[in-house]
Amino acid sequence: MTTPDHWSTIGTLVAWLDGQNGRSQQEITLRLLKLTEESGEVAQAWIGATGQNPRKGVTHTAADVADELCDVIVTASVALASLVDDPGAHLDAKVARIAARRRTP
């Protein structure tokens with residue numbers, strides 16, 4: 001779970017981006033599209049960690065994959081904080097709904 005310090009850092013990043021680029025619909029769209037880029041970097045790192053490209057061999061580690069996953073989390077957090085006033089509460093509510101889902105075998 002994220003911490004208040006996490007959201008403070010995300011708020012600082014959002015404020016910086018807003019100051020540089022504004023927060024138009026186009027800017028929010030680009031922040032959302034950034035998730036696709038970061039997800040691609042996760043895939044690239046995993047392919048490199050498993051050596052799935054025989055031409056390149058093993059080029060990444062599990063730590064590289066973890067770092068890329070963290071980039072996805074931060075990017076998603078920035079996008080979320082760009083859309084809603086209280087991203088922490090929104091995430092908490094969503095996680096609670098997921099936790100309450102019935103699980104079947």
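T75 counts as buried, because its relative accessibility is 12% and the cut-off for buried is under 20%. The model discussed here is a predicted one, and in it T75 sits within helix α3. Once its neighbours within four places in sequence are left aside, T75 is in contact with R31, K34, L35 and E38.

**Helix α2**

- Helix α2 covers residues 25–50, which makes 26 residues, and it reaches 38 Å from its first C-alpha to its last, close to the 38 Å expected at 1.5 Å a residue.
- The buried residues in α2 are E27, I28, R31, E38, V42, A45 and G48, and what covers them includes α1 (4–21) and α3 (62–83).
- Just after the end of α2, G51 takes a positive phi of about 70 degrees.

**Packing of α2 against α3**

- Two packed helices are described by the distance between their axes and by the angle between those axes.
- For α2 and α3, the axes come within 9 Å and cross at roughly 170 degrees; the two helices are therefore roughly antiparallel to each other, since angles over 145 degrees count as such.
- On the α2 side, the contact is made by I28, R31, L32, K34, L35, E38, S39, E41, V42, A45, W46 and A49, while α3 contributes D64, V65, E68, L69, D71, V72, T75, A76, V78, A79, S82 and L83.
- Sorted by class, this contact of α2 with α3 has 14 nonpolar, three polar and seven charged residues.

Key. Residues are numbered from 1 along each chain as its sequence is written. This is a predicted model: local features need pLDDT of at least 70, side-chain atom pairs count only at pLDDT 80 or more; totals for chains, interfaces and linings use all residues. Side-chain values use heavy atoms; hydrogens and water are left out. Helices (H or I, at least four residues) and strands (E, at least two) are DSSP runs, numbered from the N terminus. The expected span of a helix is 1.5 Å times one less than its number of residues. Buried means under 20% relative accessible area, exposed over 50%, partly exposed in between (1.4 Å probe, protein chains only). Contact means heavy atoms within 4.5 Å. Axes are lines fitted to C-alpha atoms, for helices over the stretch in contact, and angles run from 0 to 180 degrees between N-to-C directions. Angles under 35 degrees count as roughly parallel, over 145 as roughly antiparallel, 65 to 115 as roughly perpendicular and the rest as oblique. Ala, Val, Leu, Ile, Met, Phe, Trp, Tyr, Cys and Pro count as nonpolar, Asp, Glu, Lys and Arg as charged, and the others, Gly among them, as polar.
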